[in-house]
Amino acid sequence: MAAEELAPRTYGNFRKPRTSGLRGLSLGTTLLLFAGLVAVVLTTLASLWAALCLALVLAVVVAPLALKDRHGRTVMQRGAVRLAWWRTTSAGNHEYRSGPMGRSGHGTSELPGLAAGSKLTEAQDGYSRPFALITIPSTGHHTVVIACEPDGAALVEERQVDSWVAHWGQWLSALGSEPDLVAASVTVETAPDTGVRLQQEIDANSAPDSPGLATAMLREVLATYPAGSAQIATRIALTYSGAARAGTPRRSAEDMALHIGTRLPGLTAGLSMTGAGAAVPMTATELTEAVRLAYDPTVAPLVEEARATGGTGLTWSQAGPMAAREAWDHYRHDGAFSMTWAMTEAPQGEVFSNVLTALAQPSPDIARKRVTLLYRPHTRAEAARVVQQDYKNALFSAQQSQIGHARDDAEVIAARRTTEEQAHGHGVIRFGMLVTATVNSAAELPEAAAAVDNLAPAARIAVRPVYGSQAAAFAAALPLGLVLPLHTALPQTVRDAM
């Protein structure tokens, strides 16, 4: 018993719902295959050659929908991405210019891409704390961002870490019951320390008649300490839908500010038990500065100096880059270059609570890094339907083979365990991950890519670059509340069929 109590707790059972098709195929592809086989059989009654030709056509049509790469993407999906990228570059939509050289003619630097047209307002929550509210008119979504100061797990007992993880799981589970909440994200951003804050602290606390030795020591600290140190910022974005309900019109930003403001005190209080530290809503100025630094990291020293003298005065129309250019495998924005990866496979098997520590920590080969977890919670009714359907699909896949396979049996057991946990009141949530690496020159991109490729296996995940959609992935990794499935060019039914 003592050995069991001292053993570290493990986590797992991250499930990707199984398809209801044959041998891993989607339902649409399976129905197409069966319909084609029936047509081939009936055609043989009239002409054998016609049946052979029809079978060849069926193979040509089904193959792009059935053949997948190691990341689970079909040939049809890869071809659709290539076609979309060709249309984007042909129309010149991969380039962005703002300011006096921009197409709008307003002389502003608004956000490009998916965040174009977004608006920022500020309101007060139930504790009279100001908070920024991002509105995306195209989807009718409103996002509030919470800034956290995590305590860190250094010199913390394993039991305390397990308690934090358990409360974090409960907090995520409760999001499924949060009224009108459609998505959430957690962004951990690491950036090099400019040393401006340290210099301001020393200047503010230095006496004019201080000894020469103390002054020399402080100058040495000021010159050497910022080198290699990093700033770590953690932000949680909560996205609510203001869509019209039955008999009611779409709610305005003012209505949603009142609705979200009453919910924020309880949400921030719930984070106190998760190890998130002090959780307070970000103001409009703070959020604008964070987005501006993401698009142009070179202004970080100027922003920190301006904060010390009363604020930067940046507005939401100045948060975007002056110029940006999207390439197939990277994104150039002002004076920086970024590359974004998407998680294609969650950690397999059992993992420890620190599985993502190395991935989220500062990396010497990456100037600025963001690791963003994207969540979309299911409601109670949706969760019950999803886990039951997944359990049925796992049983169907296991029964397709006459000889039992250990992997299929494990899938059935895991799916069954998920249904039991959901029946006991646990929530079900969809999640993904985006990793963005920002460097100062194009020559540093290979080193950043190698660093991410080394960190991903240590985190027990599989990642791939978001080819052809680097600008959209860069914006989605920011705390802007963008729900990517609602911005895709293909309808949901077509994506499911592929």
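Strand β10 (residues 336-345) and strand β12 (residues 429-439) run antiparallel and are joined by 6 bridges; strands are DSSP runs of E with at least two residues, helices runs of H or I with at least four, numbered from the N terminus. Strands count as paired if DSSP finds at least two bridges between them. The model is predicted: local features need pLDDT of at least 70 and side-chain atom pairs 80 or more, while totals for chains, interfaces and linings use all residues. Residues are numbered from 1 along each chain as its sequence is written, and side-chain values use heavy atoms, without hydrogens and water.

**Around β10**
- Serine 338 stands opposite threonine 438 in β12.
- Strand β13 (residues 462-465) pairs with β10 in the antiparallel sense over 4 bridges, and tryptophan 341 has proline 465 of β13 as its bridge partner.
- Strand β9 (residues 331-333) is also antiparallel to β10, over 3 bridges, with arginine 332 partnered by phenylalanine 337.
- The β9-β10 hairpin has 2 residues between its strands, and aspartate 334 in the turn has a positive phi of about 50 degrees.
- Of the 10 residues of β10, 7 are buried (under 20% relative accessible area with a 1.4 Å probe, protein chains only; exposed is over 50%, partly exposed in between).

**Helix α2**
- The buried residues of α2 are Thr29, Thr30, Gly36 and Val40.
- These residues lie on the same side of α2, because they cover an arc of only 130 degrees around the axis (taken from the directions from the helix axis to the C-beta atoms).
- Leu31, Val41 and Leu42 are exposed on the other side of α2.
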